[in-house]
Amino acid sequence: MHISEGVLSGPVLAGGAVISAAGLALGLKNIDYDKLPRVALLSAVFFVASLIHLPVGPSSIHLVLNGLVGLILGWAAFPALFVGLVLQAVLFQFGGLTVLGVNTATMALPAVLGYYLFAPFLRGGGKTAPVIAAFAAGFCAILFSAVLTGVSLYLSGEAFLGAAWAIVVANLPGMIIEGVVTAVAVLFLRKVKPELLGMGPYVE
Amino acid sequence: MSEAASQAQAAPRVKPAPTLDNALAMGPVGRLDPRAKLVVVFAYSLLMALAYSPVMAALGVLLGFGLVAWARLGWKVFISRLVAVNLFTAFLWLFLPWQISLGQSVWGLGLVYNPDGLALALLVTLKANAVFLALLALLGSSPVNDIFHALAHLKVPSKLVTMFLLFYRYLHVMRHEYQRLRQAMQVRGFQPGSNLRTYKTYAQLMGILLVRSLERSERVYQAMLCRGFGGTFWLLDHFSWRRADTGFCLMSGLVLIVLALLQWSGISWN
């Protein structure tokens with residue numbers, strides 16, 4: 001869901017840069033130096049995840065997992081996703097430098113939103129609430145990212161309206177798969193490493 | 001059959017993934033100071049992002065091709081990335097020239113040809129390629145670690161740079177870990193398909209990777225403490241600025257000013 005360079009208008013680029021700068025500042029403030037390797041290594045895993053292609057019918061999609069990033073990292077999702085996007089620009093010339101702000105915001109804002117909306121339900125005793133919350137976090141993260149991408153396109157020119165809708169519709173299968181993957185991953189982490197979800201080691 | 005031949009037959013079916021780093025360019029661009037390249041490519045991206053005349057965007061594409069030729073990166077990389085970038089622009093060509101018009105009912109959807117959309121698609125494609133080519137020639141010609149070091153020298157906050165360096169260092173480790181797990185799955189007969197089982201398996205694979213990364217990060221931090229880490233990540237690479245870098249910056253500055261003047265001097269392009 002990255003917009004490449006040269007598509008968006010100046011004000012949209014500036015808006016994205018301001019939002020991401022604020023998010024990065026907040027996220028970095030929340031990471032103490034002793035947590036820095038932790039966030040860096042988790043970001044590395046999420047970058048590896050984005051290189052994995054899952055088959056969907058005749059085609060395939062790659063994982064984004066920004067919902068899971070948000071559930072685990074909260075505001076630190078901003079720096080975590082930002083380093084990945086910078087590396088993509090440097091390594092594959094995907095996206096670019098001036099769109100970094102917009103691309104970071106479209107990925108990280110839904111992640112942080114998911115953290116506030118759904119993370120509290122992950123810590124409950126039962127199994128149903130965490131599964132539903134985790135599915136919703138994965139689903140909504142992709143949905144909101146697609147919507148934000150579409151909105152930034154539309155704000156750059158009304159001619160982009162069709163393309164904006166197409167992005168949201170094309171991401172529908174991705175939303176469901178991300179929901180399933182996030183739910184299963186959260187169940188796994190609850191059993192194996194509850195600390196990652198902000199839970200004490202022995203909750204259940 | 002010779003031993004080498006039988007080994008070749010027994011080689012794993014999984015192709016080794018390409019390394020996640022930039023190859024050093026053959027041309028003189030590879031030897032330029034990464035700081036100079038970063039500043040120039042950022043200014044160039046900004047200028048191109050704000051460009052609204054197709055003539056200037058086309059000039060940018062020509063400039064970009066010149067830079068790529070100067071960098072001598074190799075055709076394979078160039079073509080594959082050019083295709084990747086233009087998948088997005090191709091998608092825009094599909095949608096931009098048409099405007100959805102709502103009829104009386106929902107079923108009365110009609111597509112109306114929109115010439116402005118076509119012009120926009122052309123402009124956007126030129127701009128996207130101009131920036132892509134410059135990025136490829138200037139950033140794709142330096143190893144990633146050099147670029148992150150250059151960012152530190154350009155006063156990007158140290159916490160962010162430390163995170164970049166750790167992220168990039170352990171990206172390779174985690175990817176290797178993933179490939180090992182993936183191979184183990186393949187040995188056990190895992191066949192990915194469009195089914196719930198595949199998605200669940202991958203989710204658990206991600207879970208294992210996350211757990212291992214967390215545990216590793218604790219060991220990494222302890223090792224850093226042992227080596228006296230106190231919040232400062234000391235940089236060992238200090239670039240030496242050469243006369244060629246000054247020349248490159250001056251030339252690029254001149255080109256950028258000319259491009260900016262061409263666009264904003266009030267000359268009408270239509």
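## Two chains in a predicted model

Me: Into which domains is chain B divided?
Reply: Happy to start there. This is a predicted model, in which local features need pLDDT of at least 70, side-chain atom pairs count only at pLDDT 80 or more, and totals for chains, interfaces and linings use all residues. Residues are numbered from 1 along each chain as its sequence is written, with chains lettered from A and ligands numbered from 1 in the order in which they are written. Domain bounds come from an automatic or database domain assignment, and chain B is divided into domain 1 (19-142 + 240-257) and domain 2 (155-226).

Me: How do helix 6 and helix 7 of chain B run, roughly parallel or roughly antiparallel?
Reply: Axes are lines fitted to C-alpha atoms, for helices over the stretch in contact, and angles run from 0 to 180 degrees between N-to-C directions. The axes of helix 6 (residues 144-153) and helix 7 (residues 158-187) of chain B come within 9 Å and cross at roughly 170°. Angles under 35 degrees count as roughly parallel, over 145 as roughly antiparallel, 65 to 115 as roughly perpendicular and the rest as oblique. The crossing therefore makes helix 6 of chain B, relative to helix 7 of chain B, roughly antiparallel.

Me: Which helix of chain A gives the most to the side that touches chain B?
Reply: Two residues are in contact if their C-beta atoms, placed from the backbone, lie within 7 Å, and 54 residues of chain A are in contact with 72 residues of chain B. Helices (H or I, at least four residues) and strands (E, at least two) are DSSP runs, numbered from the N terminus. Elements of chain A that each supply at least two residues to that side include helix 1 (10-30), strand 1 (53-56) and helix 8 (172-192). With 13 residues, the most is given by helix 2 of chain A.

Me: What percentage of the residues of chain A count as buried?
Reply: A residue is buried if 20 or more other C-beta atoms lie within 10 Å of its own, exposed if 12 or fewer, and partly exposed in between, with C-beta atoms placed from the backbone. Of the 204 residues of chain A, the buried share is 57%.
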